[in-house]
Amino acid sequence: MTAPTLDVPLRAAGGGDLDHPRGGPIAALARHSVALARRSLIKTIRTPEALIDVTLQPVIFLLIFTYLFGGAISGGDRHAYLQFLLPGMLAQSLAMGGIALGQNLNADIDKGVFDRFRSLPVARSAPLVGAVAADIVRYLTVCLVMLGFGTVMGFRVETGLVPAIAAVALSIGFGLCFCWISVWVGMLVRTPGAVQGVMFLLVFPLAFGSNVYVQTDTLPGWLQGFVQVNPITPLVATIRGLTVGGPVAAHLTTTLIWMAGLLVVFVPLALRAYARRA
Amino acid sequence: MMSDLVVRAEGLRKRFGKTQALDGVDLAMRRGTVLGVLGPNGAGKTTAVRVLATLLRPDAGHAEVAGIDVLREPQRVRRRIGLTGQYASVDEDLTGTQNLVLIGQLLDLTTRDAKRRAAELLDWFDLAEAAGRPAKTYSGGMRRRLDLAASLVGHPEVIFLDEPTTGLDPAKREDMWGVVRTQVAQGASVLLTTQYLEEADALADDILVIDKGRVIAHDSPDGLKRRVGGLTLRVRPVDPARVPDVLRVLDAVAAPGTNASADTAAGARRGAVSVPVAGDAALDTAVPALRRAGVEVTELALHLPSLDEVFHALTEGGLTATKQEELV
């Protein structure tokens, strides 16, 4: 090996020095998170099969429930059922889409890569924030696949382009908040498989004990009670309102409160668990 | 004098469940030198490195790196250190370049400078051709090199290398030693853990021996050798049949209370005789005596004990026992 030239100036980054990151701590967190999000995206692109849970899987769910159960549930009108089901299916897929993130982080954290990140002068939260930010791509994918494939099956947006875009934006936003539960679980349990197990235990009751598949008023009273307090329910109602029509404002408010609540509770829990795991 | 120390730790303690990984470790490394931390598996070497590299908070104790308190200002420490762990900590899905550019960005280099630095390091570590390939396609040796390159992106003042050559073949190991020497020549200080005594002997200015979470010795390689055993004179006659004659001659120059013995230790080449001697004056007696006895020799040398011998003497309770006797 030949001797290095070392001609790149030390700490060249405009204005920063050894003890003061360029632009202050918030700018540094944003910059580092973007760099780490890029890392996650490269990994996603290198392993496209990891996108099955946000592409093929929701499509299969949509096919099964529309053609297998749809007729029975809706009394024969499959088109009406698809219009009802798809917004709910989208919400369910977003909740499930976050599970992979917790699994990936769980697999990563005990490898040397995270040790390296921790030995660098970046905010503790940057590796987690970066990983979550990269998940935007997965949530956007699930929205486009559901709406695209749904359209082929006969789903029609009845409101307009702007409300539909708002529905996608809200969906992605919800996915970004909900996935912090998965991140937290990923920091707590020992194996990626356990992350999936724990998250399924949580997501399945939320997905099925909701207004995704059937009208709430067909359920027994005690189950209606659960549906009312389920965070998936207002999200589904809002997406329905924004895509096929119906009341939006109240449901949207409830959804936004849930999103804020998820962040307030699970971001600190995840960060604390991450710090302990280290 | 204290400012000359680039790493300083006092009374480090860390317990994992029932295991006392660090049991009051004191440590000091002089600026611009290599400190070799030696010890058997599970001795606490990695735990000590993780504490110093801000990855782990000790239960008790104090540590400074580059004059900065590790516990109070870890971010300032992190700007001045490079770490290469026991296993290669590169991202397998990223290419060599992407791995290094990411580190550069996290160190607040501009993207342009991060790319230049990455290219420079990849070139130096003979990875330029593989720069665009994902690291999972690299051989073990290439990953180690990339990993070491990653720890050098920020021109660290202090470099921690945790068993950097474990599993490498001898040629690759010597390449790695070259890297360490170059870094030191450029002003860095290197703390290196290893299980290879040969490696510590080749690189380290000072050696710290850890066993069961305690420091059992801290000295220069030669100092350690002298502490554990004195000089040994070894003679190998041309004709192996003359070994008994050599034994007789060397017994006369043996240090008080010792005898010459034929080398029968495992791995030793047969047909040589060793004797502990009090000093190099033994040569003045031994050489003429061998001549008089008409013994031709192929080897005649004065040795300090190998670090292997030192290490075993220290970790198998030899030194601890001596110390306890001194205390009584």
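Predicted model: local features only at pLDDT ≥ 70, side-chain atom pairs only at ≥ 80, totals over all residues.
Domain bounds here come from an automatic or database domain assignment.

**Entry 1: how chain B is divided**

I looked up the domains of chain B and found two: domain 1 covers 2–220 and domain 2 covers 230–303. Then I checked how far apart they sit. The C-alpha centres of domain 1 of chain B and domain 2 of chain B are 43 Å apart.

**Entry 2: the six-stranded sheet**

Next I went through the strands of chain B. Six of them make an open sheet, and I read the order as β6-β7-β8-β3-β9-β10 (chain B). The pairing in this sheet is mixed. Which strands stand at the edges? They are β6 and β10 (214–219) of chain B; each has a single partner strand, so one side of each has no neighbour in the sheet. On average, neighbouring strands of this sheet are turned by 15 degrees against each other, with direction ignored.

**Entry 3: a closer look at β7(B)**

I picked β7 of chain B, residues 158–162, to see how covered the strand is. Five of its five residues are buried, so I wrote it down as mostly covered, the cut-off for buried being 20 or more other C-beta atoms within 10 Å. Which residues lie on which side of β7(B)? Val158(B), Phe160(B) and Asp162(B) are on one side, Ile159(B) and Leu161(B) are on the other, and all are buried. Both faces of β7(B) are therefore covered, going by that same cut-off.

Then I followed the partners of β7(B). Strand β6 of chain B, residues 81–84, pairs with β7(B) in the parallel sense, over four bridges. In that pairing I found Gly82(B) opposite Ile159(B). β7(B) also pairs with strand β8 of chain B, residues 189–194, again in the parallel sense, over five bridges. There, Phe160(B) stands opposite Leu191(B) of β8(B). I traced how the chain gets across: from β7(B) it runs through helix α6 of chain B, residues 170–185, to β8(B), and this β-α-β crossover is right-handed.

**Entry 4: the four-stranded sheet**

I found another open sheet in chain B, with four strands in the order β12-β13-β11-β14 and antiparallel pairing. The edge strands are β12 and β14 (297–303) of chain B, and each pairs on one side only. I zoomed in on one pair, strand β11 (residues 231–237) and strand β13 (residues 273–277) of chain B, which run antiparallel over five bridges. For Val235(B), the bridge partner in β13(B) is Val273(B).

I looked at Thr54(B) because of its backbone angle: phi is near 70 degrees, a positive value in a residue other than glycine. Thr54(B) sits in the loop between α1 (45–52) and β4 (60–65) of chain B. Is Thr54(B) buried or exposed? I have it as buried, because 25 other C-beta atoms lie within 10 Å.

Ala66(B) also has a positive phi, near 55 degrees, and is a residue other than glycine. I located Ala66(B) in the loop between β4 and β5 (68–69) of chain B. Ala66(B) has 19 other C-beta atoms within 10 Å, so I noted it as partly exposed.

Ala255(B) counts as partly exposed because it has 16 C-beta neighbours inside 10 Å. I also checked Ala255(B) against Thr84(B): they are 171 residues apart along the chain, and their C-alpha atoms are separated by 45 Å.

**Entry 5: over to chain A**

I then turned to chain A. How many helices and strands does chain A have? I counted twelve helices and zero strands. Along the sequence, the pattern reads α-α-α-α-α-α-α-α-α-α-α-α. The C-alpha atoms of chain A fill a box of roughly 75 × 35 × 35 Å, taken along the principal axes. Of the 278 residues in chain A, 42% are buried.

I finished with one helix pair. Helix α8 (residues 161–188) and helix α11 (residues 232–243) of chain A have axes that come within 8 Å and cross at roughly 160 degrees. That makes α8(A) roughly antiparallel to α11(A), since the cut-off is over 145 degrees. The crossing of α8(A) past α11(A) is left-handed.

Definitions and conventions. Residues numbered from 1 in each chain as written. Chains lettered and ligands numbered in written order. Buried ≥ 20, exposed ≤ 12 C-beta atoms within 10 Å, placed from the backbone. Helix = DSSP H or I, 4+ residues; strand = E, 2+ residues; numbered from the N terminus. Pairing = 2+ DSSP bridges. Right-handed = clockwise from strand over helix to strand, strands pointing away. Axes fitted to C-alpha atoms, helices over the stretch in contact; angles between N-to-C directions. Parallel < 35°, antiparallel > 145°, perpendicular 65-115°, else oblique. Left-handed = near helix turned anticlockwise from the far one by under 90°.
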